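Hi,

Here is the structure I promised to hand over. My notes on its side-chain contacts follow below it.

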Amino acid sequence: MKKVLFGAMAFSIFLSGSAIAMPTDSIELELDPIVVSALRWQRPKKESPQRIIAITPQQARFQNPQTTADLLGISGEVFIQKSQLGGGSPMIRGCATNRLLYAIDGIRMNTAIFRSGNLQNVISIDPFSLEKTEVLFGPSSVGYGSDAMGGVMSFTTKQAQLSKTNQWLATGSATVRHSSANNERTGHFDVNVGGGQWAFLSSISSFHFGDLRQGSHGPTEYLKPLLVQRQDGKDIAIDNPNPLMQSPSGYSQINLMQKVRFKPSDTWDLQYAFHYSETSDYDRYDRHTRLRKGIPRYGEWKYGPQTWMLNQLTAAHNDSTLFYDQLCLRIGVQRFGESRIDRGWNKNIRTTTREKVDAYSFNADFSKTLSKSVAVYYGTEYVCNNVHSQGEATDIISGKTEAAPSRYPQAIWQSGAAHLQAVYKYSSSLNIEAGIRYNIYQLQADFSNHNMELSFSPRQINRKGALTGNIGIALRLAPDWQFSLNASRGFRTPNVDDMDKLYESVANCVVVPNPNLKSEYAHSIEASISKKVANVLSMEMAAYYTHISNAMVRRDFRFNGQDSIFFKGEKQKVLAIQNTAAAYVYGLHFNAKAYLPMGFELSTQLNWQQGKEELESGTYSPLRHAAPFFGKAALTYALDKFQMELYTLFQGKRDHSDMPEEEKTKTEMYALDANGKVYAPSWMTINLKAQYRASTNLWLNVGIENISDLRYRYYSSGISAPGRNFTASVSYNF
């Protein structure tokens, strides 16, 4: 960590003395009234005691990320883990996966099968469709409910635009992009047709990624020396002709969006939205690097197509009434599909599990200004997830298929909630905010499709409640000073994945259902201070501490009185998710931006955190999802139609002694130290991007990422990041 921190600082100092550079940071540090979607309503950022960052379309166009996961990562504030190229699992303040919440235009994306293992759902969101991306740091359960323990990623998609003149007007955009490291071929097109009351927006994006090439210089453990082939009815391992090629890792994806907007009056605004995303099959790369006695552990391991469909109807009413000034009703109908396909080395049985979730949601959000000093935000929410799961086993020699244990039971997960938030403007410089939310949830599960003897009733009903709240202040000490203090309680109710799953986790271990889980809670306190020095420098620092109680963790378990069972033809140790642990995480965010002469800007984002979780023995281990020290430093130059950024991304070292216990056995994912033990090396990349606006409507983007061709991996990742990568794109607006 010290080497990376020193290197990042040295890089910043070097850039500040040079003459190149910047203004496209993803982080807004100015104390001006930036509008954010706190409390599920648009309001000035300076009024919120919670730390929030926003990524605008202009910043996204310049950064030119391949996926929405990459868009979050390039901010320098959100750590992204990847197990395969078709992935991206955000980590925020020691929380990840189902301890973070995704919201699309105010609709909850998290489902009852969001797991504690790494999630890839964020890649279903089309980065070309986004109008704005916001990250709310820390527990946000008052506004967003279960899972919002570490933070919320709120994605606002483009809105169908009405004509300002009552005459029909057509606008649109098109983009093509190529990246060399994985032979990316991406195309996007959207068109908006708007009149005085009606508007229609159509969008389509197509992505194709080949196998990813990693860098030439770095740990040899990351190389891919072997490839698996099937010859004469047997799996064989052959030498990889190019060990830098991470094969198999390529995949493709298509995204569609259609919006219809009707504004019958000045007070009512109605909108229907349709989103659809589908990937091809894609291999889980880290499983293909797992060896047993020097040969691959698996003959096959891949995900089937990941699909997501959202139908959304939104009705907004802006009019002063007795109960509200603004009303927003949202109805969401989503369908998620995923599958897993695996086969052991030289085994003839291929196991497939398929999951579908039908997710229904209704939100009613109200805002009311009671006086010049007091405003309230309140609402209700209902969510229902219907989980369908099936398993099958196929003999690849005979072609015979029969039923096999499913990953989940057939289940219905429901949640109902009411929430209230009050904002008191004591003066023009002091805001006080407090809120409360009560959730009640119910899980009905039928385990009969697991096709195995169970030690509990095959039909389970679990019904419990959860209470959460927050209180905070935002104090504007002077026009260029702001101080915020926020205390909050977040929660996560056990879902189907926590309570009822059956799957192979790590080698020789199987996770079995446990219907006796309760909610886990995160209690957090955060303080931040922002300072702007004239028009020369702006800085922000935030410190936080979060304690997680009733933590749901995977531990040894006894199933039917036994500590092991036969699963997929092998005797495996039994594990289950249990409320048997506590955890805590604390850390610092530091951001700074210096405004230099002649269009230059210098910026940096630094993130440091430490976390511990309780083990079965009562001792503590480093928290798995507490990322090592990481961040970004950049120098940007902008002049008229030209913009350029020279930046570095970096991560600190994590020694073996600082590795979480569950990571210490994953030799396929990490480098090895002098003692042959796993650790996560530090790294720092140098990158250059440029954008030229050739005309009012035409943008040209080029970039060189990882200029030194470093071979590196983000902590906890099973696939290496791209090696030297040349990117180019052309965008045209009409």
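**Salt bridges**

There are 41 salt bridges in the structure, a salt bridge being a side-chain nitrogen of Lys or Arg within 4 Å of a carboxyl oxygen of Asp or Glu. Before the details, please keep in mind that this is a predicted model, in which local features need pLDDT of at least 70 and side-chain atom pairs count only at pLDDT 80 or more, while totals for chains, interfaces and linings use all residues. Residues are numbered from 1 along each chain as its sequence is written, and side-chain values use heavy atoms, with hydrogens and water left out.

Let me start with Asp-235, which forms a salt bridge with Arg-230; their closest N and O atoms are 3.2 Å apart. I sorted residues by relative accessible area (buried is under 20%, exposed is over 50%, partly exposed is in between, with a 1.4 Å probe and protein chains only). Asp-235 is buried at 4%, and Arg-230 is partly exposed at 32%.

Next come Lys-573 and Asp-556, whose side chains meet in a salt bridge with an N to O distance of 3.2 Å. This pair links distant parts of the chain: Lys-573 belongs to strand β38 (residues 570-595) and Asp-556 to strand β36 (residues 537-556), 17 residues apart. Strands here are DSSP runs (E, at least two residues), numbered from the N terminus. Lys-573 is partly exposed, with a relative accessible area of 39%, and Asp-556 is also partly exposed, at 34%.

Glu-663 and Arg-624 make another salt bridge, at 3.5 Å from N to O. Here too the pair links distant parts of the chain, 39 residues apart: Glu-663 is in the loop between β42 (642-651) and β43 (671-672), and Arg-624 is in the loop between β40 (620-622) and β41 (630-639). Glu-663 is buried at 0% relative accessible area, and Arg-624 counts as buried at 12%.

Salt bridges with shared partners also build a network, joining Arg-230, Asp-235, Glu-300, Arg-343 and Arg-350.

**Aromatic rings**

The count of aromatic pairs comes to 26. For this, rings of Phe, Tyr and Trp (its six-membered ring) pair if their centres lie within 6.5 Å; planes under 30 degrees apart count as stacked, over 60 as edge-to-face and the rest as tilted.

Trp-198 and Phe-200 are a stacked pair, with 6.2 Å from centre to centre and 10° between the planes. Trp-198 is partly exposed at 38% relative accessibility, as is Phe-200 at 33%.

Tyr-545 and Tyr-584 have ring centres 6.3 Å apart and planes at 25°, so they are stacked as well. The two link distant parts of the chain, Tyr-545 in strand β36 and Tyr-584 in strand β38, 39 residues apart. Both are partly exposed: Tyr-545 at 36% and Tyr-584 at 26%.

There is also a cluster for you to look at, in which ring pairs link Phe-128, Phe-207, Phe-209, Tyr-251, Tyr-282, Trp-301 and Tyr-303.

**Charges over rings**

A charge sits over a ring if NZ of Lys or CZ of Arg is within 6 Å of the ring centre and within 35 degrees of the ring normal. Arg-284 lies over the face of Trp-301, 5.7 Å from the ring centre. Arg-489 has its charged end over the ring of Tyr-521, at 3.9 Å from the centre.

Terms used: Helices (H or I, at least four residues) and strands (E, at least two) are DSSP runs, numbered from the N terminus.
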